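Have a look at the structure with me before reading on.

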Amino acid sequence: MRVFRSLLLLLLVLLASGEMTRAQDGLDLPTELYVLTNGGQVQRYGIGMAGLARVSPQEAFVLDFGIAPDGNWMAYRTESGLTLLNLFTGQSALIDGASASVPAARGRGDTMAWTASGDALAYTTMTGGRVFFNSPTGTAFADLGEDPFISLLWSPTGEYLAAEADQNVWWVYQRSGTALTLTSAIPSSVGITWVSGAQVVFAPLDGGLFRMDMANGNTQVLLLDTTWEYRMPYLMPGG
């Protein structure tokens with residue numbers, strides 16, 4: 001009888017352990033979540049019972065990465081360069097070697113950013129930034145060298161690229177095909193957010209909240225009083 005009770009207790013423990021494992025594997029996420037570990041591996045937390053999986057090659061030490069808007073492609077950077085990986089077929093190709101450089105800083109913003117259409121990928125470098133264009137006519141690159149950037153943010157239409165440097169300085173570039181032209185500088189803003197294809201909202205360090213229209217001569221409009229300080233503006237999905 002004592003042996004039976006011991007076996008029953010062991011069975012209950014194993015069943016409970018299995019339920020806990022399944023509960024940990026199944027996360028109630030609205031979409032897949034990708035994370036970069038301290039060991040340089042990109043992992044994906046799947047939806048529902050999909051669980052946790054490593055998506056970057058075992059031998060690669062990843063510095064930073066970016067998932068394309070369609071969810072099919074991942075760009076990741078190692079010391080060897082920038083690689084484009086198909087997340088479903090596993091096929092990959094090195095698209096930029098030594099010129100890809102490495103991020104000037106990590107953990108302070110998005111060092112890699114795709115356009116909403118997925119036709120361009122911007123990434124920070126030790127000297128500034130670099131943009132990879134993938135068009136039907138072929139691939140091309142553009143270099144940005146105003147400052148070593150720490151964060152990048154495309155406008156919703158992909159017509160403008162905002163690049164953050166140290167001391168809360170932002171440089172804004174306008175895209176024309178595979179060329180980028182410096183069109184504006186924001187000397188102070190703790191975070192920014194695009195509110196349209198050509199309008200950006202920024203928060204100067206000394207107070208206030210402003211909207212700037214790139215398509216209208218960089219005209220600025222005061223949204224909130226300068227007697228208050230604002231940080232990290234963000235546009236909700238509903239507008």
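Predicted model: local features only at pLDDT ≥ 70, side-chain atom pairs only at ≥ 80, totals over all residues.

**Second pocket**

I began with the residues that line the second largest pocket: Gly191, Ile192, Thr193, Trp194, Met232, Pro233, Tyr234, Leu235, Met236 and Pro237. Residues are numbered from 1 along each chain as its sequence is written, and side-chain values use heavy atoms, with hydrogens and water left out.

My pocket search ran on a 1 Å grid over the protein atoms alone; a pocket is an open set of points where a 1.4 Å probe fits, with protein on both sides within 12 Å along at least five of seven lines, and lining residues have an atom within 4 Å of a point. Volume is the space filled by probe spheres set on the points, which are joined across faces, edges and corners. For the second largest pocket I noted about 260 Å³. Its lining has eight nonpolar residues, two polar and no charged (nonpolar: Ala, Val, Leu, Ile, Met, Phe, Trp, Tyr, Cys and Pro; charged: Asp, Glu, Lys and Arg; polar: the others, Gly among them).

**Largest pocket**

Next I looked up the largest pocket, with a volume of about 500 Å³. It is lined by 22 residues, and Ile67, Asp110, Met112, Ala113 and Trp114 are the closest to its centre. Strand 4 (64-67), strand 8 (112-114) and strand 12 (151-154) are the elements that give two or more residues to this lining. Strand 4 gives the most, with four residues. I sorted the lining of the largest pocket into 13 nonpolar, six polar and three charged residues.

**Fold in brief**

I found one helix and 19 strands in the protein (DSSP runs numbered from the N terminus: H or I of at least four residues for helices, E of at least two for strands). Of its 239 residues, 39% count as buried (buried is under 20% relative accessible area, exposed over 50%, partly exposed in between, with a 1.4 Å probe and protein chains only).

**Salt bridges**

How many salt bridges does the rule give? I get six, taking a side-chain nitrogen of Lys or Arg within 4 Å of a carboxyl oxygen of Asp or Glu.

Arg77 pairs with Asp64, the closest N and O atoms being 2.7 Å apart. Arg77 sits in strand 5 (residues 73-78) and Asp64 in strand 4, 13 residues apart. Buried or exposed? Both Arg77 and Asp64 are buried.

Asp166 and Arg108 also meet in a salt bridge, at 2.7 Å, N to O. Asp166 lies in the loop between strand 13 (160-165) and strand 14 (169-176), and Arg108 in the loop between strand 7 (92-96) and strand 8, so this pair ties together parts that are 58 residues apart in sequence. I have Asp166 as partly exposed, at 39% relative accessibility, and Arg108 as partly exposed, at 47%.

Arg175 and Asp119 form a salt bridge at 3.0 Å, N to O. Arg175 is in strand 14 and Asp119 in the loop between strand 8 and strand 9 (120-124), 56 residues apart. Arg175 counts as buried at 18%, whereas Asp119 counts as partly exposed at 25%.

My last entry is a network of salt bridges that links Asp96, Arg130 and Asp143.
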